[in-house]
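User: I am new to reading protein models and would like to learn how to go through one feature at a time. Could you take me through this one?

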Amino acid sequence: MSKFKTISWMHFLALIIELMSSPPGALAYNVVGFGAKGDGRTDSTLAFLRAWMAACSSVRPSTLSVPRGTFLIRSVTFTGPCRNSIQFAILGKLVAPDNYYAIGNLGYWIQFHKVSRLSIIGGTIDAKGALYWSCRRHGQSCPQGARSISLQWCNNVLVRGLTSYNSQIMNIAINHSNNVKIQNLKIIAPSGSPNTDGFHIEYSMGVTIKDSIIKTGDDCISLGQGSMNVWIEKIGCGPGHGISVGSLGNSFNEGGVQNVTVTNSVFTKTQNGVRLKSWARPSGGYARNIVFRNLVMRNVGNPIIIDQKYCPNNICPRQNSGVRISQVTFKNIKGTSSTQAAMTFRCSSSNPCSGIRLQDIKLTYINHLRRPTLAYCENAIGSSNGKVFPRSCL
């Protein structure tokens, strides 16, 4: 057996052991005991809620367990605070109803609200987003769409070993939450699926995302306003739109983004690599102390880009971005670009980017090896060190 297969089997075995064992002294609550049926057809939403209420009210650590089988649930909110730590252990599969309106009208499918000391371990969820995406593509009157998992006002959360398929919009949204650790996830949706970000973070602090594969139709990871102290490591991103800070500047009074590191990751055939984006309108927002390092680009459009004239739908504010971008480092980023513009720094004329640092960059143009990649600068101030290709425009 190859080393890769051996490691994968060991990880799988460890996950099964973790799923089958509750924390020491924990009480276990199996959703089947509360009336859930794993036949893929019976609505088990109320059974899940009853099991959650029992587990959440336990004075001892508890486990809500989902055994093997396919469990159909509608939009559901698991509400805290709980009396002790709680593990949501999934061996089976959770599926949404076939009718996308059943979850699309509320904006969420599975939501955790004001829960602390929460672990979500293992399992598969499938939001069945294909018909919803078709509605969006054909310009019909569609619901707002549902995020597959939402963490709202949660603290001390671990999500490990989960697979998320076909979210209507964002797969996992983290809002107003602190100390969230995401590990060993798989997120899968077609490249043409709209707004299916792998992760979206806003107004949250201390978020770690690592050792995960993200294949989707929008940003693999997007960091919105108020994201602070975020660590992203060992991500396989693609297809998708890359890893983005923003879009920022949606409103004047919005939180800034700071202390973000993206490291040791691979981007494959993504629309962008690492990106900061803001609307061209007045704003009191900022993005600072951002580090992108040790990254591999494989046939990536716009591997490195700052765009303060972000305008995806050609309805553009046509003003100057007030978002202040500073102290952004790009270090040891190598690979191939599917466009000639391997590095683009399109910054605000009223708030130029400052403290942009380039070090050890090598990005070549994949389609025409004899044509060099280019770097483009507009209102950007910074420095370069080591070997930088294409030649720095800072």
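User: Where does Pro390 lie, and what form does the peptide bond from Phe389 to Pro390 take?

Analyst: In this model, which is predicted, Pro390 lies in the segment after β30, the strand of residues 380–389. The peptide bond that leads from Phe389 to Pro390 is cis, with omega near 5°. A cis peptide bond also joins Gly246 and Ser247, where omega is about 20°, and Ser247 belongs to strand β21, which covers residues 243–248.

User: How should I read a sheet, and in what order do the strands of the open sheet come here?

Analyst: The general idea is that strands of a sheet pair through backbone hydrogen bonds, either parallel or antiparallel. In this structure eleven strands form an open sheet with parallel pairing, in the order β5-β8-β11-β14-β17-β19-β21-β23-β25-β27-β29. The edge strands are β5, residues 76–79, and β29, each of which pairs on one side only. Between neighbouring strands of this sheet the average turn is 15°, with direction ignored.

User: How many bridges join β5 to β8, and which helix lies across β5 and β8?

Analyst: Four bridges join β5 to β8, the strand of residues 108–113, and these strands run parallel. Within this region Val76 stands opposite Ile110, a residue of β8. The helix that lies across β5 and β8 is α2, which runs at about 5° to β5.

User: How is a pair of aromatic rings described, and how many aromatic pairs does the structure hold?

Analyst: A pair of aromatic rings is described by two values, namely the distance of the centres and the angle of the planes. The structure holds 13 aromatic pairs. One of them is formed by Trp52 and Phe88, and this pair is tilted, with 6.5 Å from centre to centre and 40° between the planes. The pair links distant parts of the chain, since Trp52 is in helix α2, residues 45–56, while Phe88 is in strand β6, residues 86–90, 36 residues apart. Trp52 counts as buried because its relative accessibility is 2%, and Phe88 is also buried, with a relative accessible area of 3%.

User: What kind of aromatic pair do Phe292 and Phe330 form?

Analyst: Phe292 and Phe330 form a stacked pair, with 5.3 Å from centre to centre and 20° between the planes. Phe292 lies in strand β24, residues 286–300, and Phe330 in strand β26, residues 324–337, so the pair ties together parts that are 38 residues apart in sequence. Both Phe292 and Phe330 are buried. Elsewhere, ring pairs link Trp52, Phe78, Phe88 and Phe112 into a cluster. A charge may also face a ring, as with Arg288, which lies over the face of Tyr286 at 3.9 Å from the ring centre.

User: Which residues are in contact with Leu118, leaving aside its neighbours within four places in sequence?

Analyst: With those neighbours left aside, Leu118 is in contact with Trp52, Ile86, Phe112, Leu151, Asn156, Val157 and Leu158. Leu118 lies in strand β9, residues 116–121, and is buried, with a relative accessible area of 1%. The C-alpha atoms of Leu118 and Val157 are separated by 4.8 Å, and these residues are 39 residues apart along the chain.

User: Which residue does UniProt list for "active site", and is this residue buried or exposed?

Analyst: The UniProt record, an unreviewed entry, lists His241 for "active site". In the model His241 lies in the loop between β20 and β21 and is buried, with a relative accessible area of 18%. Leaving aside its neighbours within four places in sequence, His241 is in contact with Gly217, Asp218, Asp219, Gln271, Asn272 and Arg275.

Notes:
Residues are numbered from 1 along each chain as its sequence is written. This is a predicted model: local features need pLDDT of at least 70, side-chain atom pairs count only at pLDDT 80 or more; totals for chains, interfaces and linings use all residues. Side-chain values use heavy atoms; hydrogens and water are left out. Rings of Phe, Tyr and Trp (its six-membered ring) pair if their centres lie within 6.5 Å; planes under 30 degrees apart count as stacked, over 60 as edge-to-face and the rest as tilted. Helices (H or I, at least four residues) and strands (E, at least two) are DSSP runs, numbered from the N terminus. Buried means under 20% relative accessible area, exposed over 50%, partly exposed in between (1.4 Å probe, protein chains only). A charge sits over a ring if NZ of Lys or CZ of Arg is within 6 Å of the ring centre and within 35 degrees of the ring normal. Two strands pair if DSSP finds at least two bridges between them. Axes are lines fitted to C-alpha atoms, for helices over the stretch in contact, and angles run from 0 to 180 degrees between N-to-C directions. Contact means heavy atoms within 4.5 Å. UniProt positions are given in the numbering used here, feature names are shortened, and annotations may be inferred rather than shown by experiment.
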